[in-house]
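I open the notebook on a new entry. The plan is to look up what holds the ligands.

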Amino acid sequence: MSESVISSSASPTPAPGSLGWNLEHSYARLPGMLYEHLDPTPVKEPRMVVFNYELAKRLGLNGSALARQPEVFAGNVLPDGAKPLAQAYAGHQYGNFTGLGDGRAILLGEQVTPNGERWDVQLKGSGPTPFSRRGDGRAALGPMLREFIVSEAMEALGIPTTRSLAVVTTGEPVYRQGVQPGAVLTRIAASHIRVGTFEWAAAHGDHAALRALVDYTLRRHYPDQAAAEVPALALLRAVMERQARLIAQWQCVGFVHGVMNTDNMALSGETIDYGPCAFMDAFDPATVFSSIDRHGRYAYGNQPQIAQWNLARLAEALLPLLHAEEKQAIELANAEIERFKALFEERWLAGIRAKLGLFTAEEGDRALAEGLLLWMREKKADFTNTFRELSKDGKTLLYDEAAFKDWHVQWQRRLGQQPQSAEEVQARMRANNPAVIPRNHKVEEALAAAAERNDLGVMQRLLEVLARPYDPSGEIPAEYTTPSGAQPGEYQTFCGT
Ligand code: AMP
Ligand code: MG
């Protein structure tokens with residue numbers, strides 16, 4: 001691979017000329033109750049750990065020059081035209097309402113690319129803000145690298161997500177469970193407007209701010225709805241559709257977000273805030289990764305319901321703009337939110353049909369899919385590998401599993417009812433069933449190598465493999481595709497490769 005997504009020791013040749021910054025500040029024209037202007041707090045010794053050249057290029061930035069300027073990504077030196085601010089927002093965390101805001105993040109501005117795209121450039125871990133509450137405003141290297149790896153993997157999987165431009169270490173310790181190296185992540189997002197941003201304006205009873213935020217969000221993310229008769233209703237509908245699509249995509253690759261608080265749901269429809277997230281190995285709807293999620297509120301199987309719950313909080317915040325009469329506003333909101341289940345189902349069915357190689361829609365498709373999932377759950381079959389195995393031509397051990405055969409016969413019968421050839425079916429399945437996902441133990445291994453041994457090679461190899469999940473350039477080494485918990489025999493029994 002000639003152009004690596006990370007910079008280790010070898011730096012590319014610097015390009016002459018401008019760094020490419022073209023920062024605008026449309027968010028800072030919104031009412032002042034939505035943010036606080038302040039600079040990042042400089043750190044002791046910025047050092048570049050990872051730099052995303054491909055993303056820099058897409059942003060119109062001079063990657064080869066910027067990769068040599070860790071001070072910019074640490075907040076010690078501001079890019080040309082930056083007007084830093086911390087965004088205010090509230091949120092329901094595990095169901096409880098709280099005032100939050102960027103407690104450790106600062107928006108430098110919106111980079112407008114040569115082809116007119118607008119991207120937030122945010123430093124995460126950049127020091128205390130008026131919203132820090134009791135936090136230190138800082139981030140540890142491990143979690144920032146984890147966000148880098150998983151967000152870039154999501155992008156490669158074709159799932160809307162915020163992205164990661166760089167991670168630098170600060171030369172300062174942070175105190176979490178023990179002492180860890182401090183780090184700052186540069187996050188790139190379509191915007192950082194959250195459900196919680198609307199909750200903040202609504203909780204302050206500031207209808208003018210709420211109205212401005214609705215108009216702004218429509219113009220920025222749903223321009224075709226900007227002239228809608230009831231803008232707040234148009235926004236709610238548009239966001240519901242995008243969230244239904246996003247959550248269906250998560251479900252189809254086994255992604256568990258882990259902290260679906262309303263402050264972690266973006267109006268753009270991007271996946272945002274990678275904390276205790278992970279991909280499921282063995283299929284089980286109860287899968288939970290966050291150690292503090294004791295009741296499984298944010299378990300894999302609950303994600304669609306939680307999305308609906310979060311959208312209901314958005315609808316609630318928008319009530320004063322939905323209708324002058326509160327009673328009618330509530331009726332309108334309820335009628336909209338009720339539609340989410342069907343919206344999600346439609347998206348999920350479309351996704352699962354593609355995973356099964358189906359081009360057409362039939363009544364029994366949901367039952368067919370559920371039959372497979374039930375079998376997978378009973379056998380603790382690996383979610384990713386089972387689907388990828390089904391995408392392959394030859395007979396495998398998977399097909400010899402007795403309980404599986406009934407389902408397989410039904411599936412083959414169903415495939416026979418559509419006009420597409422076996423080759424077309426396989427191509428569709430390969431394009432919709434990733435061969436590789438960021439397995440938790442591989443991510444942990446990469447983080448440990450980076451944080452404990454200063455070895456970035458492990459992460460670099462992982463990033464290279466994750467960059468082509470559907471159409472790998474060669475055979476993927478088994479270490480990247482074998483689930484961690486599986487005994488070698490167990491893995492081969494159900495998903496032998
Ligand atoms: P998160 O769980 O990352 O979505 O964060 C929830 C809230 O806590 C947000 O308002 C963050 O800005 C804030 N927060 C998280 N970690 C810190 C920290 N170390 N210092 C200050 N605020 C933080
Ligand atoms: Mg958050």
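**Ligand sites**

I began with the contacts of ligand 1, where a backbone N or O atom of glycine 103 lies 2.7 Å from an oxygen atom of the ligand. I note that the model is predicted.

Next I checked glycine 137. One of its backbone N or O atoms sits 2.8 Å from a nitrogen atom of ligand 1. Then I turned to a side chain. Arginine 176 places a polar side-chain atom 3.4 Å from a nitrogen atom of ligand 1.

How much of ligand 1 does the protein bury? Taken alone, the ligand exposes 480 Å², and the protein buries 79% of that.

I then listed the surroundings. I find 17 residues around ligand 1. Gly101, Gly103, Arg133, Asp136 and Gly137 are the closest. By class, the shell splits into 8 charged, 7 polar and 2 nonpolar residues. I also looked up the pockets: the largest one is the space taken by ligand 1.

Asparagine 264 has 10%, so it counts as buried, the cut-off being under 20%. Aspartate 273 has 15%, and therefore counts as buried by that cut-off too.

How values were computed: Residues numbered from 1 in each chain as written. Chains lettered and ligands numbered in written order. Predicted model: local features only at pLDDT ≥ 70, side-chain atom pairs only at ≥ 80, totals over all residues. Heavy atoms only, no water. Near = heavy atom within 4 Å. Polar contact = N/O pair within 3.5 Å; in protein donor to acceptor, adjacent residues only side chain to side chain. Areas by Shrake-Rupley, 256 points an atom, 1.4 Å probe, with all protein chains shown as cover. 1 Å grid on protein atoms, 1.4 Å probe; cavity = no way out; pocket = protein on both sides within 12 Å on 5 of 7 lines; lining within 4 Å. Sits in = over half its atoms within 2 Å of the grid points. Nonpolar A, V, L, I, M, F, W, Y, C, P; charged D, E, K, R; others polar. Buried < 20%, exposed > 50% of the residue type's maximum accessible area, 1.4 Å probe, protein only.
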